Amino acid sequence: QANLNQLAKAAGKLYFGSATDNGELSDSAYTAILSNSNEFGQITPGNTQKWQYTEPSEGSYSYTQGDVITSFAEANGQILRCHNLVWYEQLPSWVSSGTWTNATLTAVIQAHIASEVGHYKGQCYAWDVVNEALNDDGTYRADVFYNAMGPSYIPIAFAAAAAADPAAKLYYNDYNIEYAGSKATAAQSIVKLVQAAGARIDGVGFQGHFIVGSTPSASSLTSVLNSFVSLGVEVAYTEVDVRFTSLPPTSAGLQQQASDYGSVVSACLAVSKCVGVTVWDFDDQYSWIPSTFSGQGDACLYWANLTVKPAYYTISSIL
Ligand code: XIL
């Protein structure tokens with residue numbers, strides 16, 4: 001069995017990585033694989049750096065749970081993608097249900113980012129600064145931030161993150177921007193908006209939550225990556241999984257899933273400014289899919305029993 005991160009690095013990428021979460025770290029069979037930096041050279045905390053965990057009430061910060069994941073990665077010599085700072089979901093209610101003006105919410109965002117990015121300063125290769133700001137039709141999501149501040153919350157968040165950790169790469173991260181269309185075009189406008197405001201944006205993260213048989217081809221994925229790179233940013237696949245919409249999978253389905261995972265990895269390999277691929281956990285036992293998409297699943301590279309799927313071998317042969 002090959003080692004995915006080792007192969008990715010030999011192919012010129014910075015990492016092949018995985019998300020994880022605090023509860024899973026007590027599963028020693030799982031951590032035996034996750035901790036192997038030849039397999040996963042990069043870790044993303046799947047939950048515990050989110051706002052609801054890190055600032056549950058205003059001005060009261062808690063990094064204990066996030067630190068468990070960052071310490072795990074550091075002990076194993078793994079790069080960290082830090083996730084995330086400004087997102088409409090998993091907000092504490094004091095933020096999501098607050099009554100805000102442009103000025104009061106600006107101050108709240110700036111304080112949150114100064115504290116969290118400051119706490120993790122020097123530890124994060126990258127931060128997902130703003131996550132999922134767009135609707136699928138390319139309009140801005142009318143969330144608490146947009147409603148109080150309009151699109152200005154986006155460059156304000158990037159500027160705050162840049163001030164708090166000059167070395168971290170600052171990313172915009174979203175889904176359904178992996179293929180051409182109005183949402184991808186709108187994400188390019190976000191890159192330009194931040195640049196025009198004089199703030200720093202270094203990268204765009206393509207979540208890559210795909211469906212077996214409906215994953216874009218490698219060439220269509222590649223051309224969208226290149227359209228972002230031409231704006232002067234790096235790119236990465238940040239949350240990849242390829243789910244079955246009906247279960248259990250057939251053996252033909254597993255071959256299709258392998259080919260879909262292969263398309264994603266091939267696209268990243270084809271673009272030198274694509275720094276790496278992160279799966280949104282590697283094992284079906286800990287995938288977020290079944291609890292979010294009822295009746296769907298088996299989206300990861302490994303089965304729940306920690307044996308690998310055909311997709312694993314396809315990726316290792318492409319890398
Ligand atoms: C998911 C986590 O995996 C779940 O455990 C949690 O209940 C909800 O959030 N896009 C993102 C991630 O950017 O933060 C989400 O993670 C999955 C979708």
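Which of the 13 residues around the ligand come nearest? They are Asn-47, Lys-50, His-83, Glu-239 and Trp-280, where a residue is taken to be near a molecule if one of its heavy atoms lies within 4 Å of it. The structure is a predicted model, in which local features need pLDDT of at least 70 and side-chain atom pairs count only at pLDDT 80 or more, while totals for chains, interfaces and linings use all residues. Residues are numbered from 1 along each chain as its sequence is written, and side-chain values use heavy atoms, with hydrogens and water left out.

One belonging to Asn-47 lies 2.9 Å from an oxygen atom of the ligand, and one belonging to Lys-50 lies 2.8 Å from an oxygen atom of the ligand.

In the pair formed by Cys-82 and Cys-124, the sulfur atoms are 2.1 Å apart, and the link is left-handed, with -85° about the S-S bond. Because Cys-82 lies in strand E3 (residues 79–86) and Cys-124 in the loop between helix H6 (102–119) and strand E4 (126–131), this pair ties together parts that are 42 residues apart in sequence; helices (H or I, at least four residues) and strands (E, at least two) are DSSP runs, numbered from the N terminus. Cys-82 has 0% relative accessibility and counts as buried, as does Cys-124 at 6%, buried meaning under 20% relative accessible area, with a 1.4 Å probe and protein chains only.

The other disulfide joins Cys-268 and Cys-274, whose sulfur atoms are 2.0 Å apart; the torsion about its S-S bond is about -100°, so this link is left-handed. Both ends are buried, Cys-268 with a relative accessible area of 2% and Cys-274 at 1% relative accessibility. When the bonded cysteines of the chain are numbered in sequence order, the pairing reads 1-2, 3-4. Cys-300 takes part in no disulfide, and the nearest cysteine sulfur, that of Cys-268, is 19 Å away.

Helix H13 (residues 310–318) has as its buried residues Ala-311, Tyr-312, Ile-315 and Ser-316. Seen down the axis of H13, these residues fall within an arc of 135°, so they line one face of the helix; the arc is that of the directions from the helix axis to the C-beta atoms. An α-helix has 3.6 residues a turn, so residues three or four places apart point the same way. The buried residues of H13 pack against helix H1 (4–10), strand E1 (15–20) and helix H11 (251–270).

Definitions and conventions:
Disulfide = S-S within 2.5 Å. Buried < 20%, exposed > 50% of the residue type's maximum accessible area, 1.4 Å probe, protein only. Contact = heavy atoms within 4.5 Å. Polar contact = N/O pair within 3.5 Å; in protein donor to acceptor, adjacent residues only side chain to side chain.
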